[in-house]
Each structure stands twice: as structure tokens, then as C-alpha cells.
Amino acid sequence: MINVRQFQWTDFDAVTAVWEAAGRDVVTRPELEAKLTRDPELFLVAASDDEVAGVVLGTYDGRRGWILRLAVHPGHRRKAIASQLVKELEDRFERIGCPRVNLLVMPDNESGLRFWQALGYIPYPDVLCSKPLRSGV
């Protein structure tokens, strides 16, 4: 049985392991500390018998919600864990009055794009621009 709940610091190593197993970059402890001062209720884990199987990092800027870092450990895939995480995150966004949720999918991630479209997310032809700042290098 999967339980979706808010991230706790005792989950940090397990969350890091999920990101690594899924081939995702790991969000560092200082970055998470900064994020969690804002909207800690939007950082969720899916746990089964005290084992973290999946994770999603959400944030809300007062205008739009963002879904970041959705990952499920390869040993737990195809069990609807990602969908459960997204559903709980969407419910939390709604409770705080968020009118729209955005996310980014890499252009070569066809399975990811199919997943998001199946959940009702519509691709937009936006162009992502990014600029690293010295403090984040």
C-alpha cells in the first residue's frame, strides 16, 4: 500500500536515492532547506512500508503552481505511484487557491510527455530560457 505524504527530513537520503536511481539530478540539502521555508506542504513522497518509492517537488509562486522533480524508483514503476503523487499535489494546489499548474518536459522525453498528456496537461510551444546566477553555480 502506497502512502503519499509530506516530505520529512528523515526522508532525505531515501529521496536522494530515488532521484539517483531515476537518473535525475539531486537537489542539495541547502536548496531544499530554502525551498521548504516557502511551501513545505508541496514536497511529497510516496512511501511503502517505510521505503520511499517516489517523490514530487511542487512549488507555488502565488500565481502559478509548478511541478518539479517527479521521480519513481525504477523498482516501483508501473504501479500508478506517479499518478498518485501528481493527484495529491494537484489537490494541495487547489486547496491553496492555485489557478493553474505548469511543468517542463524535455523535448526528447516522449513517454513523459504521454504521461502528462494522459493526466490532462497540454503542451505549449514555449521556449525555456535559463540563466545561472553566480550564487547558484
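Analyst: Let us begin with helices and strands, which are DSSP runs numbered from the N terminus, a helix being H or I with at least four residues and a strand being E with at least two. This is a predicted model, in which local features need pLDDT of at least 70, side-chain atom pairs count only at pLDDT 80 or more, and totals for chains, interfaces and linings use all residues. Residues are numbered from 1 along each chain as its sequence is written, and side-chain values use heavy atoms, with hydrogens and water left out.

User: Which helices and strands each supply at least two residues of the lining of the largest pocket?

Analyst: They are helix 2 (29-36), strand 3 (51-60), strand 4 (65-72), helix 3 (81-95) and helix 4 (110-118). The largest share, six residues, comes from strand 4.

User: Why is the pair of tryptophan 9 and phenylalanine 12 called tilted?

Analyst: Rings of Phe, Tyr and Trp (its six-membered ring) pair if their centres lie within 6.5 Å, and planes under 30 degrees apart count as stacked, over 60 as edge-to-face and the rest as tilted. A search of the whole structure finds six such aromatic pairs. In the pair of tryptophan 9 and phenylalanine 12, the centres are 5.9 Å apart and the planes stand at 45 degrees, so the pair is tilted.

User: What makes the pair of tryptophan 19 and phenylalanine 43 stacked?

Analyst: The planes of tryptophan 19 and phenylalanine 43 have 5 degrees between them, with 6.3 Å from centre to centre, and the pair is therefore stacked. Because tryptophan 19 lies in helix 1 (residues 12-21) and phenylalanine 43 in strand 2 (residues 43-48), this pair ties together parts that are 24 residues apart in sequence.

User: Why is the charged end of arginine 29 said to sit over the ring of phenylalanine 12?

Analyst: A charge sits over a ring if NZ of Lys or CZ of Arg is within 6 Å of the ring centre and within 35 degrees of the ring normal. The charged end of arginine 29 is 4.5 Å from the centre of the phenylalanine 12 ring, and is described as sitting over that ring.
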